[in-house]
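The stops below are given in the order in which to select them.

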Amino acid sequence: MRTFLLALAVAACMPLAAYADDSEEFTKDLGRVVGAFTAAELYVDKCNSHDPDGASSRRDILAGWAHANGRPSYERLMEGLTARAPELATQLEPQRRKLAAAIEEEIQKAPNDCSDVAKIFKQDSQFSVERQVRKLMRTAASMGIDIPAEPVVVPQVKKIEDIEILRLAALSARLEAKMAEIGSKQGARRNRDLSSAREDHAERWLKSDGVQVLFGRVVSDDELREWRDDRQSSFSVQCKSFADTAHEANAARAVGQDRVVVGMVRSVIDISSGGKLTLNKCRLFTAEEIGRPFVEEDDSAGLMLRPLEESEAYAGPDNGIQMSSVDRVLYEASFDNRMDGFGNGYVDRDEAIYVLLKDGTAYRHDWSFPFTDLAVERSRQREPQRWFQWTERDEKVVLTHQAGDDIGQEIELQQPQRLEPMSPTHLHARYYYLQVGIGGTRQDRSYVFDNNGTVKYQRSGFVAGNVGTSYIIVNGKKEEAEIASYRFEDFALVLDRAGQTERHFFAVPAGAQVPLPETVIIRGEAYWLDTKRFPQ
């Protein structure tokens, strides 16, 4: 079928030859484009007839392919051409029927091809026509063919009496419903072209609605998200610009409080879990200052589990995973030297701690406190993506996601280190953390232990790097040093100061040098022994 496709489509387009100075090249390109779009749609339709269960997935694949190959431009091109040559549609129809028969015969011979339509679209170059679509649009314009202009979005003008406050959960439900008109959320997670098509469709729709008046909690100095107990809106709102500095300052002061944001749509971003709406010219008010009613509608479809705050994940000393249930604790890390866009070197640092339990489950521990203090049931409910089943295969630990967007997917740990608790002792040493990030940002942290049972710890940072053609140095904020008494309990560094107790995750690699390991893991990050200031 796919060898037959191109010649058939070219023959169909020959009536347009009279309108092109270079008729052969024009009809060849047009034939390829018409053939590709016609064949793609027919292939999906025929496969759906043979395998209805896969129809939803193939709908997603077709939508992503069509977007990547310039479907809006193609449709405007065909509208202009058929207006110029009304007989074209009639002449194409017999060719379409022949192509449908050829595709049906192809599927009868190889029905398994329907299980991977995306592979066919990707591997067969005849389905890659985006460049030809753009070329045909330029050529048609030079030929004087009237191609309809791209539709312009005209924002609706709203009167004050028409304005209602829309909760972000309700907006989230509306946006997902609008994007589902193009393709599914699940399909978009696997297909960036489909995700882009969903974004464009929702963005044009929302821009036409005009000014947005949205309610949520200010979660950072430029972002809002609605919170409802243990759930949150699946979409957040980010302000790319503010109407003035006063509203920008209002946002910074309102972190942690509910507010109404008013602004104009800039973009809609579809991400694996939820999405983001960006606004321009944001203004921030309380609901009372707006003085308008809320939209009342079912918005349950716009809510998702809210990730845990650290205070919610912390259950208190030894109220979490019991040491007796732990099979082993593993640490996997990579430290890759890279260059950013301005020529600054930085370290791409990726560290992970996995707690493998005797019952065959495992937990990725990303909190600063020890896993023995984790609110386990709350974690299983609110951060399911951190829970796995584990097994050993070919002497490697393999983790399988139990829930969440990645359910069923596997992670194979490559060269993990086994971690052990620090033995109850007093140290005389300094352990430091140094991270150089993108743009020359630098973070310094340290724990200075003495053998009298006290520790001094603090953090500092500065930026030193290239920005454009300039080299800059900016001093960062430096935390006040804290001094506390300390002790080690299982995987906890327990700090007591001024009547308060802090519990930091603390571990050492198995087989590490005693009594002073060269590397320790504190709060999930590697710290190194300072042998220059504290020679051993």
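Is aspartate 394 buried or exposed? Aspartate 394 counts as exposed, at 71% relative accessibility; buried means under 20% relative accessible area, exposed over 50%, and partly exposed in between, with a 1.4 Å probe and protein chains only.

Before the next selection, some notes on conventions. This is a predicted model, in which local features need pLDDT of at least 70 and side-chain atom pairs count only at pLDDT 80 or more, while totals for chains, interfaces and linings use all residues. Residues are numbered from 1 along each chain as its sequence is written, and side-chain values use heavy atoms, with hydrogens and water left out. Helices (H or I, at least four residues) and strands (E, at least two) are DSSP runs, numbered from the N terminus.

**Two aspartates with positive phi**

Stay on aspartate 394, in the loop between strand 13 (387–393) and strand 14 (396–401). Its phi is positive, about 55°, although the residue is not a glycine. Most residues other than glycine have a negative phi.

Next select aspartate 318, in the loop that runs between helix 13 (310–313) and strand 10 (326–339). Here phi is near 60°, again a positive value in a residue other than glycine. Aspartate 318 counts as partly exposed, because its relative accessibility is 40%.

**Helix 7**

Select residues 130–142, which make up helix 7. The helix has 13 residues and reaches 19 Å from its first C-alpha to its last, close to the 18 Å expected at 1.5 Å a residue; the expected span is 1.5 Å times one less than the number of residues. Colour Gln132, Val133, Leu136, Met137 and Ala140, which are buried. Looking down the axis of helix 7, the buried residues fall within an arc of 140°, so they line one face of the helix; the arc is that of the directions from the helix axis to the C-beta atoms. On the other side of helix 7, select Arg131, Arg138, Ala141 and Ser142, which are exposed. Just after the helix comes glycine 144, with a positive phi of about 85°.

**Disulfides**

Now show the cysteine side chains. How many disulfides does the structure hold? The structure holds two, a disulfide being a pair of cysteine sulfur atoms within 2.5 Å. Numbered in sequence order, the bonded cysteines of the chain pair as 1-2, 3-4.

Begin with cysteine 47 and cysteine 114, whose sulfur atoms are 2.1 Å apart. This link is left-handed, with -80° about the S-S bond. It connects distant parts of the chain, 67 residues apart: cysteine 47 is in helix 2 (residues 23–50), and cysteine 114 is in the loop between helix 5 (87–109) and helix 6 (117–123). Cysteine 47 counts as buried at 0% relative accessibility, and cysteine 114 is buried with a relative accessible area of 4%.

Move to cysteine 239 and cysteine 282, joined by a disulfide with an S to S distance of 2.3 Å. The torsion about the S-S bond is about -100°, so this disulfide is left-handed. Cysteine 239 lies in strand 6 (residues 235–239) and cysteine 282 in strand 8 (residues 275–285), so the pair ties together parts that are 43 residues apart in sequence. Cysteine 239 is buried, with a relative accessible area of 5%, and cysteine 282 counts as buried at 0%.

**Pockets**

On a 1 Å grid over the protein atoms alone, a pocket is an open set of points where a 1.4 Å probe fits, with protein on both sides within 12 Å along at least five of seven lines; lining residues have an atom within 4 Å of a point.

The largest pocket has a volume of about 650 Å³, the volume being the space filled by probe spheres set on the points, which are joined across faces, edges and corners. Of its 20 lining residues, select His67, Pro72, Ala197, Asp200 and Arg204, the closest to its centre. Helix 3 (55–68), helix 4 (71–84) and helix 10 (192–208) are the elements that give two or more residues to this lining. Helix 10 gives the most, six residues.

The second largest pocket has a volume of about 520 Å³. Among the 23 residues that line the second largest pocket, Ser273, Met304, Leu305, Gln385 and Asp405 are the closest to its centre. Helix 9 (185–190) and strand 9 (303–305) each supply at least two lining residues, and strand 9 has the largest share, with three.
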